Amino acid sequence: MATVLIVEDDMTIRTAVIRSLTERGHVVTSAPTAMTGLQLAVSEKPDVVLLDLGLPDLDGREVLRMLRAVNQVPIIVITARNMESEMVRLLDAGADDYLVKPFGGAQLDARIRAVLRRTEGEAEEAAVVVGGLSVNARTRQAFLDDALLELTPREFDLLHYLASRAGTVVSKRNLLTDVWNLPYAGADKTVDVHLSWLRRKLGETAQEPRYLHTVRRVGVKLAAPVPGPSQ
Ligand code: CA
């Protein structure tokens, strides 16, 4: 079961889709215009959006772009035209799948389930968990003991890079080339500075590390903290 938002100005299609999806156990909200659709996509947080491209108020591709800018909800585009070049453009623009009118309820339901399986799989794959630390590359959010960490984009990249290689010592040279895309220039302090900022956000110090362990003259290693005698 999923919560589905359908954005479609044709009342006949809208009603048919609502009935068919409701019969299959989904919860459906609907909007007849792009503007209402965008509002509902934010306020209702649907699991999937069905988006008709021929809407009265805004161009379909523009709506697709705006939806994508708002959140990562999977979008199935509904179109009247079955043109391959058009489909490729839509998929490039951020659509997850498409349906060509006319379509049946079973086909629609199958597409919804496929899109949800795919995105759920991606979300699971995307989260790297090390001890109480969870780093999700898809949402670009990191949590420490369930509290959201306020990281800059670079700090996030650094944390994700280290967490993906948990338990392994990573050299500062590798960090500089892989996270910063910079050539290694010996005495560069960039990595050290960002590591110390990241440490502070993780609530630890170089003297009393929990997750980030400096290995002298080699690099840095991220590892789950070992419970001490006081815990
Ligand atoms: Ca339409």
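At what angle do the axes of H6 and H8 cross, and within what distance do they come?

## Helices H6 and H8

The axes of H6 and H8 cross at roughly 85° and come within 10 Å, where axes are lines fitted to C-alpha atoms, for helices over the stretch in contact, and angles run from 0 to 180 degrees between N-to-C directions. H6 and H8 are therefore roughly perpendicular to each other, the term used for angles of 65 to 115 degrees. Helices (H or I, at least four residues) and strands (E, at least two) are DSSP runs, numbered from the N terminus.

On the H6 side, Arg154, Glu155, Leu158, Leu159 and Leu162 meet His194, Leu195, Trp197, Leu198 and Lys201 of H8, contact being heavy atoms within 4.5 Å. By class, this contact of H6 with H8 has six nonpolar, one polar and three charged residues; Ala, Val, Leu, Ile, Met, Phe, Trp, Tyr, Cys and Pro count as nonpolar, Asp, Glu, Lys and Arg as charged, and the others, Gly among them, as polar.

## Model and confidence

This is a predicted model, in which local features need pLDDT of at least 70 and side-chain atom pairs count only at pLDDT 80 or more, while totals for chains, interfaces and linings use all residues. Residues are numbered from 1 along each chain as its sequence is written, and side-chain values use heavy atoms, with hydrogens and water left out.

The chain averages a pLDDT (the predictor's confidence in each residue, from 0 to 100) of 89, and 97% of the residues score at least 70.

## The nonpolar cores

The largest nonpolar core holds 27 residues, of which Leu133, Leu159, Leu162, Leu175, Leu202 and Leu222 touch the most other members; such a core is a set of buried Ala, Val, Leu, Ile, Met, Phe, Trp, Tyr and Cys residues joined through side-chain atoms within 4.5 Å. H6 gives the most to this core, with six residues. Apart from it lies another core, of 21 residues, among them Leu38, Val49, Leu55 and Val77.

## Val130 and Arg210

Val130, in strand E6, counts as buried at 8% relative accessibility, whereas Arg210, at 31%, counts as partly exposed. Buried means under 20% relative accessible area, exposed over 50%, and partly exposed in between (1.4 Å probe, protein chains only).

Arg210 lies in the loop between H8 and strand E11 (212-215).

Note on methods. Angles under 35 degrees count as roughly parallel, over 145 as roughly antiparallel, 65 to 115 as roughly perpendicular and the rest as oblique.
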